[in-house]
Amino acid sequence: QGKCPEDGWDESTIELFLHELAVMDSNNFLGNCGVGEREGRVASGLVARRHYRLIHGIGRSGDISAVQPKAAGSSLLNKLTNSVVLDIIKLAGVRTVTNCFVVPMATGMSLTLCFLTLRHKRPKAKYILWPRIDQKSCFKSMITAGFEPVVIENVLEGDELRTDIEAVEAKIKTLGAENILCVHSTTSCFAPRVPDRLEELAVICANYDIPHIVNNAYGVQSSKCMHLIQQGARVGRIDAFVQSLDKNFMVPVGGAIVAGFNESFIQEISKMYPGKASASPSLDVLITLLSLGTSGYKQLLKERKEMFSYLSSELKKLADTYNERLLDTPHNPISLAMSLKNLDENSDSAVTELGSMLFTRQVSGARVVPRGAVQTVNNYTFKGFMSHANDYPCAYLNAASAIGIKKQDVDVFLKRLDKCLKTFRKEAKKEKCVNEVGKSNTSTEQLED
């Protein structure tokens, strides 16, 4: 049926299945005589075993989705993976998606592939409208494809940074719709930025006949992000949405899924990929989904949502202890932000120092964002880089509840963050103490007492 099984398979069943696929490839035939330049020869037995002897990769030189006659097993693996992944995308909330394929490139390069495909449809276009998100790979994806990003600054609504719909439409009128390749929007992002207003953007794209590409990097794990894509496609135009394999399915980095609602356009993107491709990302995600089954993946999504609520409530308690705030970002379903206003006021370097302290204490993934950072990316200068705005009101710390996170991760993070903040509090008190000594005859010991 080409669907993900409801109950996951055990490892021995998965291995048996992969060995059955492998014996369909010509490099594993007994008595095979290969006289071509690419015959699936592997010098190391360890490498062969690592890939389950599926050596030929996927696709043919002109189409990543095409079947290889001498690699029936690898071709079947490719077709099955794309079919199973499509089933999971529907299960996650985008029920009207019609086609998808796994591409052995991470999200940034996969977005570039989408833009290059659109180039042939809109030869006059040279601009891409991009509501600002301070993440380098999605910005570079447009530059690498040879287009000029037009940065649309976000608007501050409460603590949240949201899409400036009026600015997008004004820029379309200024530049001319025919000169714009597409709108490049984002769902999953670091708070206090929240997912773009996909429905409004999709309607604008439909009205002006402009393509719409969505960067859904780690949005598959969020029912809210997937709902936005589904609604955007229902009321307006979304041509393709791209998501990472590692962030959504807990596999090694190196693969992404390009999906959409127009089957022929998604096929066009797959045909734009030059040459054959590595089967490793497809193999990794197929093994993972067969082992989880739909019930296992649903359970992971449920646990992630529960951990988001837990992280949110516990981080708020900690913020209150230090006279800080958990920023109010209800439209962001994955990432949270806690203000670091007091830390920022006490020292210019304290915010970045906190980030270093957390990293040396083996807390990975937490981001500290100071005010006023300036970063130049491909000759474009961003003020307030990492905060998605030129001048966000305060410095802050990010933490996310992503798929696979456990209660222990949250508890250990909060404990270590608490210790770091206590250190800063002690130093601030000591400094205040020394200043008081300078103003009076009271000894340091008396003040400490």
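1. R325 and D159 form a salt bridge, with 2.9 Å between the closest N and O atoms. The term stands here for a side-chain nitrogen of Lys or Arg within 4 Å of a carboxyl oxygen of Asp or Glu. Across the interface of domain 1 and domain 2 the rule finds 1 salt bridge.

2. Basis of the note. The model is predicted: local features need pLDDT of at least 70 and side-chain atom pairs count only at pLDDT 80 or more, while totals for chains, interfaces and linings use all residues. Residues are numbered from 1 along each chain as its sequence is written, and side-chain values use heavy atoms, with hydrogens and water left out.

3. Domains. The chain is divided into domain 1 (57-295) and domain 2 (297-437); these bounds come from an automatic or database domain assignment. The domain centres, taken over C-alpha atoms, are separated by 29 Å. To the contact (heavy atoms within 4.5 Å), domain 1 gives 43 residues and domain 2 gives 41 residues.

4. Buried area. About 3500 Å² is buried between domain 1 and domain 2, and 63% of it lies on carbon and sulfur atoms. Buried area is the accessible area (1.4 Å probe) that two parts lose on being put together, summed over both. D134, D159 and Q221 supply 18% of the area that domain 1 buries against domain 2, more than any other three residues.

5. Polar contacts and the domain 1 side. Elements giving two or more residues to the side of domain 1 that touches domain 2 include α3 (72-91), α5 (136-144), α8 (223-235) and α11 (280-321). Helices (H or I, at least four residues) and strands (E, at least two) are DSSP runs, numbered from the N terminus. The residues of that side divide into 22 nonpolar, 9 polar and 12 charged. Ala, Val, Leu, Ile, Met, Phe, Trp, Tyr, Cys and Pro count as nonpolar, Asp, Glu, Lys and Arg as charged, and the others, Gly among them, as polar.

6. Other salt bridges. A search of the whole structure finds 16 salt bridges. In one of these, E39 and K70 meet through their side chains at 3.7 Å, N to O. E39 lies in the loop between α1 (11-22) and α2, and K70 in the loop between α2 and α3, so the pair ties together parts that are 31 residues apart in sequence.

7. Annotated sites. An unreviewed UniProt entry places "binding site" at R60, S61, Q68 and K276. Although spread over 217 residues of sequence, these cluster in space, with a largest C-alpha distance of 9.8 Å. S61 is in the loop between α2 (45-50) and α3. The UniProt annotation "binding site" (unreviewed entry) also covers R234, R361 and K426. Those span 193 residues in sequence and the farthest two C-alpha atoms are 55.0 Å apart, so they do not all gather at one spot. UniProt positions follow the numbering used here, feature names are shortened, and annotations may be inferred rather than shown by experiment.

8. Backbone points to check. A191 and P192 are joined by a cis peptide bond, with omega about 10°. D209, although not a glycine, has a positive phi of about 55°. N379 is not a glycine either, and has a positive phi of about 70°; N379 lies in the loop between β12 (374-377) and β13 (380-383).
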